[in-house]
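Let's take a walk through this one together, moving from loops to helices to a pocket. Have a look at the fold before reading on.

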Amino acid sequence: MLTDLFIENMIGQEIGDFKVTGYHDGKFIEVEKEDLRGKWSVFFFYPGDFTFVCPTELQDLAENYKKFQEIGCEIYSISTDSEFVHKEWKAKSPAVSKVEFPMLSDRTRVLGDMFGVYVPEEGQDLRGTFIINPDLKVTAYEIHDMGIGRDAMSLLRKVEASQFVFEHGDKVCPAKWAPGEDTLTPGIDLVGEI
């Protein structure tokens, strides 16, 4: 029952320490918390390699990866599969072969547990998306059921808005805001005027 659950808000919280393995650019890698410091990052959890919705999401991210790079944001795709499975999936899947961002392994569940997306009964992570700022704090996140795919362009807009608010703390971004559009400066003069 939902009322029995304690749901902790992660906004503004600094991520915990971690060290995980992954596959990137034809090599096995290690990524830890300090690798993210001073940069914008997206943790993109998905249930599993060699599945159905997951490759469509990773392909969508891959096709828009350059846009994330242009705004200084790294994407890390994450599942409970090993780095070895990630390597094989990238080699076999036409959709995933386009991936250029790091593919991290959460086989120890350290990340899934930290971000509250690991489902023990399934042995998989939910579809969780977390935007992390250069101070290693979560600025935005969403968690979907395993059957609901996400949209890279919607995520890109959220990263851009997170960056704007981070740089201009006195201003906020209205609905559907995109870079270059008007923002708002909260204050008594706006009350009831929007």
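In which loop is V117 found? V117 sits in the loop between helix 3 (110-114) and strand 6 (118-119); helices (H or I, at least four residues) and strands (E, at least two) are DSSP runs, numbered from the N terminus. Before going further, a word on the ground rules: this is a predicted model, where local features need pLDDT of at least 70 and side-chain atom pairs count only at pLDDT 80 or more, while totals for chains, interfaces and linings use all residues. Residues are numbered from 1 along each chain as its sequence is written, and side-chain values use heavy atoms, with hydrogens and water left out.

Back to V117. Because its relative accessible area is 0%, V117 is buried (buried means under 20% relative accessible area, exposed over 50%, partly exposed in between, with a 1.4 Å probe and protein chains only). Contact here means heavy atoms within 4.5 Å. Leaving aside neighbours within four places in sequence, V117 is in contact with F45, G112, Q124, D125, L126, G128, F130 and I143.

From V117, hop over to S77. The two are 40 residues apart along the chain, and their C-alpha atoms are separated by 14 Å. S77 belongs to strand 4, and with 0% relative accessibility it counts as buried. Again leaving aside neighbours within four places in sequence, S77 is in contact with F44, Y46, L58, F101, P102, M103 and L104.

Helix 1 covers residues 53-70, 18 residues in total, and its first and last C-alpha atoms lie 26 Å apart, close to the 26 Å expected at 1.5 Å a residue (the expected span is 1.5 Å times one less than the number of residues). Where does helix 1 bend? The bend is at N64, by about 55 degrees, taken as the angle between axes fitted to the seven residues ending there and the seven starting there. N64 is also among the buried residues of helix 1, along with C54, P55, E57, L58, D60, L61, A62, Y65 and F68. The cover over these buried residues includes strand 3 (40-45), strand 4, helix 2 (83-92), strand 5 (103-105), strand 8 (127-132) and helix 4 (152-167). After helix 1 comes G72, with a positive phi near 75 degrees.

Helix 4 is next. Its 16 residues should span 22 Å at 1.5 Å a residue, so the 23 Å between its end C-alpha atoms agrees. Its buried residues are A152, L155, L156, V159, E160, A161, S162, Q163 and F164, and what covers them includes strand 3, helix 1, strand 4, strand 8 and strand 9 (138-144). S93 is in the loop between helix 2 and strand 5 and counts as buried at 11% relative accessibility.

Is D25 buried or exposed? D25 is exposed, because its relative accessible area is 59%. It is found in the loop between strand 1 (19-24) and strand 2, and its phi is near 55 degrees, a positive value in a residue other than glycine. K176, in the segment after helix 4, also has a positive phi, near 65 degrees. At 73% relative accessibility, K176 counts as exposed.

P134 lies in the loop between strand 8 and strand 9 and counts as buried at 13% relative accessibility. Not counting residues up to four places away in sequence, P134 touches R37, G38, K39, W40 and F166.

K39 and W40 turn up again in the lining of the second largest pocket, together with H24, I29, E30, V31, D35, G72, C73, E74, Y76 and P102. Strand 2 (27-32) and strand 4 (73-79) are the elements that give two or more residues to this lining. A pocket here is an open set of points on a 1 Å grid over the protein atoms alone, where a 1.4 Å probe fits, with protein on both sides within 12 Å along at least five of seven lines; lining residues have an atom within 4 Å of a point. The volume of the second largest pocket is about 160 Å³, meaning the space filled by probe spheres set on the points, with grid points joined across faces, edges and corners. Its lining residues divide into six nonpolar, two polar and four charged (Ala, Val, Leu, Ile, Met, Phe, Trp, Tyr, Cys and Pro count as nonpolar, Asp, Glu, Lys and Arg as charged, and the others, Gly among them, as polar).
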